[in-house]
Each structure stands twice: as structure tokens, then as C-alpha cells.
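Open the structure alongside this text. The walk below goes from one contact to the next.

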Amino acid sequence: MRQLIRRLSRVGDCGGGKTKAATATATTTPEGHVPVYVGGGGGEAPERFVVRAELLGAPALAELLGRAAQEYGYRHQGPIRIPCPVAVFRRALAALMAGDEDDEEVIEDGQ
């Protein structure tokens, strides 16, 4: 899990070989946040979320990241992908954000 969190802190450094459009999208991620792609299985298009990096250590998201590590491995290149239904991810975020309603720390890009 520590390896994954270290990788998350360097996610902005993996811009090699991207097109201009992909680089522009990557640079719109606010500092201290991480882009996360959720879903994409069963014909469903993945949705992009921008999540505050410190939330990834919370038990609900750590479990989902563990599933991602099992499916994709720790050496997966590119953005973080979580193989779960978008509704499950939204519920996990809602549970985390319930006590932190003053901040809008999750941005849904809809891509």
C-alpha cells in the first residue's frame, strides 16, 4: 500500500509520451489532488474524478486501491484506475466527505 501511495505522490510526473491534449488535461489537476478513473468494465465508460491525495489513505478508498493493485499491479503506468462500479466509488467518497462538507475536494470531470 505504501508503494501505491508513493506512486500517487508522483502521478503528475508521468507525462512522457502524451499528446498536447492529454498533457493539458493532466495539468488541470490541482496541487495535492490525484486524478482517478473509476469503472470502465462491462461497456461502461470510465469516469474521471479528482480526489484529494490524503483521502486515499482512508479505509474505504484504501480497500478500492488494494483491488486496483491486485488487478493492475503496482507497476501500472498512467493514471490510477479503480475497477469498481462508479456508484460504489461515489458512496465511498460520500462517506468520507460527510464530516468534511465545507470543502469541495472531489471534482468530477465527466470524461
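A salt bridge here is a side-chain nitrogen of Lys or Arg within 4 Å of a carboxyl oxygen of Asp or Glu. Keep in mind that this is a predicted model. By that rule, the count comes to three salt bridges.

Start with Arg 90. Its salt bridge partner is Glu 47, and the closest N and O atoms are 2.8 Å apart. This pair links distant parts of the chain. Arg 90 belongs to helix 4, Glu 47 to strand 2, and 43 residues separate them. How exposed is Arg 90? Its relative accessible area is 36%, so Arg 90 counts as partly exposed.

The model has one aromatic pair by the rule used here. Phe 49 and Phe 89 form it, with 5.0 Å from centre to centre. Their planes make an angle of 55°, and the pair is classed as tilted. An edge-to-face label would need planes over 60 degrees apart. This pair, too, links distant parts of the chain. Phe 49 lies in strand 2 (residues 47–52) and Phe 89 in helix 4 (residues 86–97), 40 residues apart.

Next, look at Arg 52 and Glu 54. Their side chains meet in a salt bridge, with 3.2 Å from N to O. Arg 52 has a relative accessible area of 12%, so it is buried. Glu 54 has 59%, so it is exposed. The cut-offs behind these words are under 20% for buried and over 50% for exposed.

Now move to helix 3. It runs over residues 59–72, 14 residues in total. At 1.5 Å a residue, the helix should span 20 Å. Its end C-alpha atoms are 20 Å apart, which agrees. Which residues of helix 3 are buried? They are Leu 61, Ala 62, Leu 64, Leu 65, Ala 68 and Ala 69. These residues cover an arc of only 160° around the axis, so they lie on the same side of helix 3. The other side carries exposed residues: Pro 59, Gln 70 and Glu 71.

An α-helix has 3.6 residues a turn, so residues three or four places apart point the same way. Arg 67 and Glu 63 are four residues apart in helix 3, so about one helical turn separates them. Their side chains meet in a salt bridge, 3.1 Å from N to O. Arg 67 is partly exposed, at 38% relative accessibility. Glu 63 is partly exposed as well, at 49%. After helix 3 comes Gly 73, whose phi is positive, near 85°.

Two contacts remain. The charged end of Arg 81 sits over the ring of Tyr 37, 5.1 Å from its centre. His 33 is in strand 1, which covers residues 33–38. What does the side chain of His 33 reach? It reaches the backbone oxygen of Glu 31, at 3.1 Å. His 33 has a relative accessible area of 17%, so it counts as buried.

Arg 90 and Glu 47 link them by a salt bridge, and Phe 49 and Phe 89 link them by a ring pair.

Definitions and conventions
Residues numbered from 1 in each chain as written. Predicted model: local features only at pLDDT ≥ 70, side-chain atom pairs only at ≥ 80, totals over all residues. Heavy atoms only, no water. Helix = DSSP H or I, 4+ residues; strand = E, 2+ residues; numbered from the N terminus. Buried < 20%, exposed > 50% of the residue type's maximum accessible area, 1.4 Å probe, protein only. Polar contact = N/O pair within 3.5 Å; in protein donor to acceptor, adjacent residues only side chain to side chain. Expected span 1.5 Å × (residues − 1). Arc of directions from axis to C-beta. Phe/Tyr/Trp six-rings, centres within 6.5 Å; stacked < 30°, edge-to-face > 60°. Lys NZ or Arg CZ within 6 Å of the ring centre and 35° of its normal.
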